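Hello,

Here is the model I promised to pass on to you. Have a look at it first, and my notes follow below.

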Protein chains: 2
Amino acid sequence: MSNLDAVLGSIDKNLDDSIERLFDLLRIESISTDPAYASECQKAAEFIVADLKTIGFEASVRETAGHPMVVAHHDGPKDAPHVLFYGHYDVQPCDPLELWDEPPFEPRVKEMPDGSEQMIGRGTSDDKGQLMTFVEACRAWKSETDSLPVKVTLFFEGEEESGSPSLIPFLEANKDELTSDIALVCDTTMWDRETPAISTALRGMASDEVTIHAASRDLHSGFFGSAAANPIKILSKILAGLHDDDGRVTLDGFYDGVPETPDEIKEMWDGLGFSESAFLGDIGLSIPAGEKGRSVLEQVWARPTAEFNGIIGGYTGEGFKTVIPAIASAKISFRLVGTQDPDKVRDAFRDYVQSCLPADCSASFEEHSGSPAVHIPYDMPEIQKATAALKDEWGKDTALIAMGGSIPVVGRFAEYLDMPSMLVGFAQEDDRIHSPNEKYELTSFHKGTRSWARIMAALAE
Amino acid sequence: MSNLDAVLGSIDKNLDDSIERLFDLLRIESISTDPAYASECQKAAEFIVADLKTIGFEASVRETAGHPMVVAHHDGPKDAPHVLFYGHYDVQPCDPLELWDEPPFEPRVKEMPDGSEQMIGRGTSDDKGQLMTFVEACRAWKSETDSLPVKVTLFFEGEEESGSPSLIPFLEANKDELTSDIALVCDTTMWDRETPAISTALRGMASDEVTIHAASRDLHSGFFGSAAANPIKILSKILAGLHDDDGRVTLDGFYDGVPETPDEIKEMWDGLGFSESAFLGDIGLSIPAGEKGRSVLEQVWARPTAEFNGIIGGYTGEGFKTVIPAIASAKISFRLVGTQDPDKVRDAFRDYVQSCLPADCSASFEEHSGSPAVHIPYDMPEIQKATAALKDEWGKDTALIAMGGSIPVVGRFAEYLDMPSMLVGFAQEDDRIHSPNEKYELTSFHKGTRSWARIMAALAE
């Protein structure tokens, strides 16, 4: 029996223990965006470090101005490549809580009508479950060979869901320690339940929060209605004006650096058998809402967009209150492609907001995060090796896809560590990440772990 | 000393006791719109009934399907007119709580830099303080003459701030008991701190709550952004389209029944010395936001409007969440004038919303309240008598004004009891009703009580 076969056997045999370890991590409520959960983030980092030490990693919790990083090292054979594996241990908030069938931090395995099994709970898919696939692969290699086929650095962030404010300073301060031959990032999806995928293009993001300030206090709409500026009205006009009738974003210069998708890429995508009606039907919709004349895949993979992620103003409780509020605010995110510059997009948005304001009103802004789009060359040798390893595991060719979401760390690794990334993930599109009842397929977890064991071996060749 | 002089003296002498009684009522948290405070509404009604019995009223708490009514009767001299005095014991919610300098239900008297005194707390002005001016006037008449100069029915509602759902059924069921020669309604403002006012026109209202439903669950904006309909975007377009560039409401037929203000009324208003810049400057604004080509007084007194009172959708907590929400909703109120029909306006709004929806999205509505505008003839004899009484108290001619706010009960009295109303109030425009730090001038309370004592005498003549 080869080493790899022994390692895969070990993964199969110890699956229940692997699940238990993941569940212990999932029970920690590491919501990074809400300061109330800071101690839980710390706890998650400490939990992971303690676990990694049992596998033989030299692991440590590294404090930052925000939530801590986890960094761990394990040597590999002489001349073996050095890989950095990235994941994040923080999770999204859980609201609306009432839509969860079970408490979000009490993970469980649920058998589905089709016989498949799902791990359910916040962070199962994004990203604790994915992160642990690599850790469990390392554990199996160690238990069967007392070594790893490649030199491994693990780098786990605790602020991915809240804009990664500490990431760049940390990369700058620890450049030598972190720089490896390639980063392996496990925060993406498969093409479908049977087909593995490597993501070679990721949209970037610029996000901003705007608050419109009108009167100096909340007003009675009977006394002041129509004469006093209403910030909800102003904000509505601002948001309504951000797209034209064809679904294009109206900001000055927004499409600078947006490339047309090459025909050969469109053809490859056409060959994937993607169903627009199934994609939209699964979420209760039927009409593509984006730019006219673009396919849904193009809309979500290759076109930039402006989305409104939250809005609030005035009285929002039960019943009615005839108030004209003093303020109203919205959270807005722009998905970027090509060479669109996040700072320029944010500046154009702010200029646009200012141009919409009556002279006696004002706007304030709170910047959240920004990262350019990322494009990875299809012909990178590591992609070839990983593709072969994934085919051994899944029995199907790997889909080279784009991603609508942003994984800013990939751009950061390129910019600050001059390190390429390879994005291999085992999540499914319907994992309800960021939503109630988030899940991760047990198959994703099990075969994902086996996939990493294979990829590590393949990269060593 | 005349009876009236003795009564006025009694009011002056017992002012501190009057304040204490009002404060006991203000401490009851009778927020009608929030079901959590139902028992407090009951408590307020019972408190008032117990107090009225000490003055010799035949008083009772009258249950309804919602919060109870208070009804009380006291006989007057043979052939004296029969007046019904209306007020409401319920109050608005207190959010945002953090903007209150002191807890809203711990009333206090605060001395201001100019030497005046303010009673501060939720309900001081709207409407518990106003309601008690009449009760205290009755108490003084009783203590000095053991009688009242007119026959009095008191009628206090507990649902005025939440759309008065029980009002019409109660008026219908108790028509004979409640119908009087005239209703006195104390829920309006003075012209300024020195000038009493009687309101002869009140805007009506139609209010509605709309919820836009898009996807069947919250979505990750990376996966679905631009391809999936965003309900915040749809709602923004709906709200933004409700006014044209001249500030006019765009609904079909909205201006049916809206009269042009007669020149003589405009001239009377011009004579009031109203300062647009002071009115707006007091709330931190400077530019009239309503219909172009209309004065601020016309905008708030004589023109209809659409106001957005609340909006919510998506993630509104701290930090950022790249979500496309499943729903977004807004609370909207239309102020009406002339013979605008609240039901027709609401229907036109709903038709408009439906016309804005993509075919795969839907809207649901929750109706809140509706009442037509009210116009009272200037030459009603009771207005002449009250005007003279008010001049005796304040030393200035009474301003006959319009009101931007809605007092639906006035229309209900006319429609269901065939009873005219006279609106005399002692609130000030800057009382911050419906807002944090609501106040009522001690002078409003004291001289308001004296004014009612005088008006009762005048009506008896």
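This is a predicted model: local features need pLDDT of at least 70, side-chain atom pairs count only at pLDDT 80 or more; totals for chains, interfaces and linings use all residues.

Three strands make up an open sheet in chain A, ordered S4-S5-S18 and paired antiparallel. At its edges are strand S4 (108–111) and strand S18 (439–441) of chain A, each of which pairs on one side only. On average, neighbouring strands of this sheet are turned by 30° against each other, direction ignored. S4(A) and strand S5 (residues 117–120) of chain A run antiparallel and are joined by four bridges. If you want one pair to click on, Lys110(A) has Gln118(A) in S5(A) as its bridge partner.

Which helix packs on this sheet? That is H15(A), which touches S4, S5 and S18 of chain A and makes about 55° with the direction of S18(A).

Chain B has its own open sheet of three strands, in the order S4-S5-S18, with antiparallel pairing. There, strand S4 (108–111) and strand S18 (439–441) of chain B have a single partner strand each and stand at the edges, so one side of each is left without a neighbour in the sheet. Three bridges hold the antiparallel pairing of strand S5 (residues 117–120) of chain B with S18(B), and Ile120(B) stands opposite Lys439(B) in S18(B). Helix H15 (residues 442–460) of chain B lies across S4, S5 and S18 of chain B, running at about 55° to S18(B).

Now back to chain A and its helices. Two packed helices are described by the angle between their axes and the distance between the axes.

Helix H4 (residues 128–145) of chain A packs against helix H15 (residues 442–460) of chain A at an angle of about 55°, and their axes are 8 Å apart. That angle makes H4(A) oblique to H15(A). The crossing in which H4(A) passes H15(A) is right-handed. On the H4(A) side, the residues that meet H15(A) include Phe134(A), Ala137(A), Ala140(A) and Trp141(A); among their counterparts in H15(A) are Phe445(A), Gly448(A), Trp452(A) and Met456(A). By class, the residues of this contact of H4(A) with H15(A) are eight nonpolar, five polar and one charged.

H15(A) also packs with helix H1 (residues 3–13) of chain A, at an angle of about 160° and with the axes 10 Å apart. This makes H1(A) roughly antiparallel to H15(A), and H1(A) passes H15(A) in a right-handed crossing. Leu4(A), Val7(A), Leu8(A) and Ile11(A) in H1(A) meet a set of H15(A) residues made up of Thr449(A), Arg450(A), Ala453(A), Arg454(A) and Ala457(A). The contact of H1(A) with H15(A) has six nonpolar, one polar and two charged residues. Thr449(A) and Ala453(A) are also listed in the contact of H15(A) with H4(A).

How do helix H2 (residues 15–26) and helix H3 (residues 38–55) of chain A pack? Their angle is about 155° and their axes lie 10 Å apart; H2(A) and H3(A) are therefore roughly antiparallel to each other. Arg21(A), Asp24(A) and Leu25(A) in H2(A) meet Ala44(A), Phe47(A), Ile48(A) and Asp51(A) in H3(A). Those residues divide into four nonpolar, no polar and three charged.

A word on the domains of chain A. The assignment gives domain 1 (3–202 + 373–460) and domain 2 (205–258 + 304–371), and their C-alpha centres lie 35 Å apart. Seven residues of domain 1 and nine residues of domain 2 form the contact. The domain 1 side of it has two nonpolar, five polar and no charged residues.

Finally, the contact of the two chains. Chain A gives 78 residues to it and chain B gives 79 residues. Several elements of chain A each supply at least two residues of that side, among them helix H8 (231–240), helix H11 (296–301), strand S11 (305–314) and strand S13 (327–336). S11(A) gives the most, with nine residues. By class, the chain A side has 30 nonpolar, 33 polar and 15 charged residues. S11(A) and strand S11 (residues 305–314) of chain B run antiparallel and are joined by five bridges, with Gly310(B) in S11(B) as the bridge partner of Gly314(A).

Notes: Residues are numbered from 1 along each chain as its sequence is written. Chains are lettered from A and ligands numbered from 1 in the order in which they are written. Two residues are in contact if their C-beta atoms, placed from the backbone, lie within 7 Å. Ala, Val, Leu, Ile, Met, Phe, Trp, Tyr, Cys and Pro count as nonpolar, Asp, Glu, Lys and Arg as charged, and the others, Gly among them, as polar. Two strands pair if DSSP finds at least two bridges between them. Axes are lines fitted to C-alpha atoms, for helices over the stretch in contact, and angles run from 0 to 180 degrees between N-to-C directions. Angles under 35 degrees count as roughly parallel, over 145 as roughly antiparallel, 65 to 115 as roughly perpendicular and the rest as oblique. A crossing is left-handed if the near helix is turned anticlockwise from the far one by less than a right angle, and right-handed if clockwise. Domain bounds come from an automatic or database domain assignment.
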